[in-house]
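Me: I am new to this structure. Please take one part of it and walk me through it closely, step by step.

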Amino acid sequence: MWTAAGRDVLPRAELEAKLTRDPELFLVTELGGEAVAMTMKTFDGRRGWILRLAVHPACRRKGVAARLVDELESRFRQLDCPRVNLLVMPDNAAGLQFWQSRGYLPLPDVLCSKSMLAGRS
């Protein structure tokens, strides 16, 4: 499903760790027994983060993503989460438009990242 949606496939170990840590923030939409949309979120006690949202191309523009976002926002509210953040890849104009239509606004933050896998044996 991730590949069909044009996103990087997450390693199985990473998905299993996420499901163990906070399974209530990993949502999957199925159609006919097949996964057609997924979203991963996390909550650190201060901010909610939408880490991934992917919808199979055949299911886009049918409200699938909007329903997933409604559900995840409901779950964040249940956790008393005051703010939700997310990242949109610079080449994802449709994604940015979707999020802005849902009230998520771009901020001029600087993203810094460091791989913790470098130098591992």
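Reply: **Helix 2 and what lies around it**

Arg61 sits in the loop between strand 3 and helix 2. Helices (H or I, at least four residues) and strands (E, at least two) are DSSP runs, numbered from the N terminus. The model is predicted: local features need pLDDT of at least 70, side-chain atom pairs count only at pLDDT 80 or more, and totals for chains, interfaces and linings use all residues. Residues are numbered from 1 along each chain as its sequence is written, and side-chain values use heavy atoms, with hydrogens and water left out.

Start with Arg61. At 81% relative accessibility, Arg61 is exposed. The phi of Arg61 is near 65 degrees, a positive value in a residue other than glycine. Most residues other than glycine have a negative phi.

Next comes helix 2 itself. Helix 2 has 15 residues, 64–78. At 1.5 Å a residue, helix 2 should span 21 Å, and its end C-alpha atoms are 22 Å apart, which agrees. The expected span is 1.5 Å times one less than the number of residues.

Which residues of helix 2 are buried? They are Val64, Ala65, Leu68, Val69, Leu72, Glu73 and Phe76. They cover an arc of only 160 degrees around the axis, so they lie on the same side of helix 2. That arc is taken from the directions from the helix axis to the C-beta atoms. On the other side of helix 2, Arg67, Arg77 and Gln78 are exposed.

What do the buried residues of helix 2 pack against? Their partners are strand 1 (26–31), strand 2 (34–43), strand 3 (48–55), strand 4 and helix 3. Contact here means heavy atoms within 4.5 Å.

Just after helix 2 comes Asp80, with a positive phi of about 60 degrees. Asp80 belongs to the loop between helix 2 and strand 4. Asp80 is exposed, with a relative accessible area of 66%.

Now follow the chain into strand 4. Asn85 is buried at 18% relative accessible area. Leu86 is buried, with a value of 18%. Leaving out residues up to four places away in sequence, Asn85 touches Arg47, Gly48, Trp49 and Ile50. On that basis, Leu86 touches Trp49, Ile50, Trp99 and Tyr104. Gly48 and Leu86 are 38 residues apart along the chain, yet their C-alpha atoms are separated by 8.5 Å.

Leu86, Leu87, Leu105, Pro106 and Leu107 are the lining residues nearest the centre of the second largest pocket, out of 19 in the lining. On a 1 Å grid over the protein atoms alone, a pocket is an open set of points where a 1.4 Å probe fits, with protein on both sides within 12 Å along at least five of seven lines; lining residues have an atom within 4 Å of a point. The second largest pocket holds about 600 Å³ of space. Strand 4 (84–86) and helix 3 (93–101) each supply at least two lining residues. Strand 4 gives the most, with three. By type, the lining has 15 nonpolar, two polar and two charged residues.

Methods: Grid points are joined across faces, edges and corners, and a volume is the space filled by probe spheres set on the points. Ala, Val, Leu, Ile, Met, Phe, Trp, Tyr, Cys and Pro count as nonpolar, Asp, Glu, Lys and Arg as charged, and the others, Gly among them, as polar. Buried means under 20% relative accessible area, exposed over 50%, partly exposed in between (1.4 Å probe, protein chains only).
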